[in-house]
Amino acid sequence: MSDDMNKQAMTAVLLMAYGTPSEQADIEPYYRNIRHNHANPNPPKALLDELTRRYLAIGLPSPLARITQAQGDGLQALLDEEAPGKYRVYVGLRYIEPFIAQTVERIVADGAERIIGLPLAPEYSSFSSEGYHNIVRAALKEHPDIDYAPVKSWWRQGELIDFWSQQLEDLKALTDRPDTRLLFSAHSLLRRIIERGDPYGREVTDFAKAIAAQAGLRQDQWTLAWQSAGRTKEPWMGPAFESVARELVAEDGVKTVISASIGFVAENLEIRYDIDITLKKIIQDEGGRLIRLSMPNDDIKLLKTLRSTVLDLEEPQG
């Protein structure tokens, strides 16, 4: 046999995420990329100053870039154990380098015959998840011979449900108290997108129910709210987790709020600032305390979840 016949076909696994600025000088171009669909992509000074203040409050560089790379490296190691040489993991970011389209060109140059596109968001949305896939599809228009397999939602994987439920089981003595409430949260989404039939809200709700059921929690021990809504004139999904947390403590007599931000898989601005600073202060100001569950980051259960998700797409999906 020739070397070409012996050579194993390579499948690229493209992990896709929002991205994060690494230093203060990156914040303005990063924000401009986020606003690229606006009539004027240049951010107003007040909004840029506010975003800069938030990043400086959590410290730069944000841990997100390091975590995302660690997720890619960890997944590569697990896939190498499963099928040595078959998979190569890449990271592509939406709003900062390495950009998704650039990464696709690198994948093409490396000779991949197939790409599995895996957004690092467990629940599917036509707005966010599909946006990642559309970038890949556009970049592959000149390469119709390469098969693209888009991953939609992957929250149903048992390892991911177990990651969250195990933390709650470890806190059973606390969650069983009548003055404790578990607050699930996920990133809010424009209401008009949900009203068009987008499954995101249902998937987040079902994910929360699955975690709570596995942890043995009753319906009255937890609630779900939405966080980190964009600053637009259009309405976003609610209720906002700030108002829910304030009501729990100020009106319902809750002393401890346990935060489980199940819409994310890594510590980012929405976790380090929106929860660790903003939500914590709201709860403390009302006389309560906040306990935040650990994020998946590069935990082995998250890595096994990603591996299972990739292996579920063994056959080309079109």
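**Close-up views of a predicted model**

**View 1. Gln71, a buried residue of a helix.** Let us start with Gln71, which lies in helix H4 of this predicted model. With a relative accessible area of 0%, Gln71 is buried. A polar atom of the Gln71 side chain sits 2.9 Å from the backbone oxygen of Asn297. Setting aside neighbours within four places in sequence, the contacts of Gln71 include Leu15, Leu120, Val265, Asp298 and Leu302.

**View 2. Helix H4 and what covers it.** Helix H4 runs over residues 64-82, and its 19 residues should span 27 Å at 1.5 Å a residue; the end C-alpha atoms are 27 Å apart, which agrees. Besides Gln71, the buried residues of H4 include Leu64, Ile67, Gly74, Leu75 and Leu79. Among the elements covering the buried residues of H4 are strand S1 (11-17), strand S2 (87-93) and helix H14 (300-311).

**View 3. The largest nonpolar core.** This core has 80 residues, and Trp164, Phe184 and Ile262 touch the most other members. Helix H10 (residues 200-214) supplies the largest share of this core, 6 residues. Another core, of 17 residues, lies apart from it and has Leu14, Val108, Val136 and Ala139 among its members. In soluble globular proteins, nonpolar side chains tend to be buried together. Looking at Ile262, and not counting residues up to four places away in sequence, you will find that it touches Trp164 and Phe184, and also Val204, Phe207 and Ile211, among others.

**View 4. A salt bridge between Arg88 and Asp110.** The model holds 17 salt bridges. In one of them, the side chains of Arg88 and Asp110 meet at 3.4 Å, N to O. Arg88 belongs to strand S2 and Asp110 to the loop between helix H5 (100-109) and strand S3 (114-119), so this pair ties together parts that are 22 residues apart in sequence. Arg88 is partly exposed, at 36% relative accessible area, and Asp110 is partly exposed too, at 33%.

**View 5. Salt bridges of Asp285 and others.** Asp285 pairs with Lys281 in a salt bridge whose closest N and O atoms are 2.7 Å apart. The two are 4 residues apart in helix H13 (residues 274-285), a separation of about one helical turn. Asp285 is exposed, with a relative accessible area of 55%. Elsewhere, Glu267, Arg272, Asp276 and Arg292 are linked in a network of salt bridges.

**View 6. Confidence along the chain.** The average pLDDT of the chain is 95, and 96% of the residues score at least 70. Over residues 1-6, however, the pLDDT is below 50, and this stretch has 1 contact beyond near neighbours in sequence. Where pLDDT is low, the predicted coordinates should not be read in detail.

Technical notes
Residues are numbered from 1 along each chain as its sequence is written. Side-chain values use heavy atoms; hydrogens and water are left out. The expected span of a helix is 1.5 Å times one less than its number of residues. Buried means under 20% relative accessible area, exposed over 50%, partly exposed in between (1.4 Å probe, protein chains only). Contact means heavy atoms within 4.5 Å. A nonpolar core is a set of buried Ala, Val, Leu, Ile, Met, Phe, Trp, Tyr and Cys residues joined through side-chain atoms within 4.5 Å. pLDDT is the predictor's confidence in each residue, from 0 to 100. A polar contact is a pair of N or O atoms within 3.5 Å; within protein, one must be able to donate a hydrogen and the other to accept it, and residues adjacent in sequence count only if both atoms are side-chain atoms. A salt bridge is a side-chain nitrogen of Lys or Arg within 4 Å of a carboxyl oxygen of Asp or Glu.
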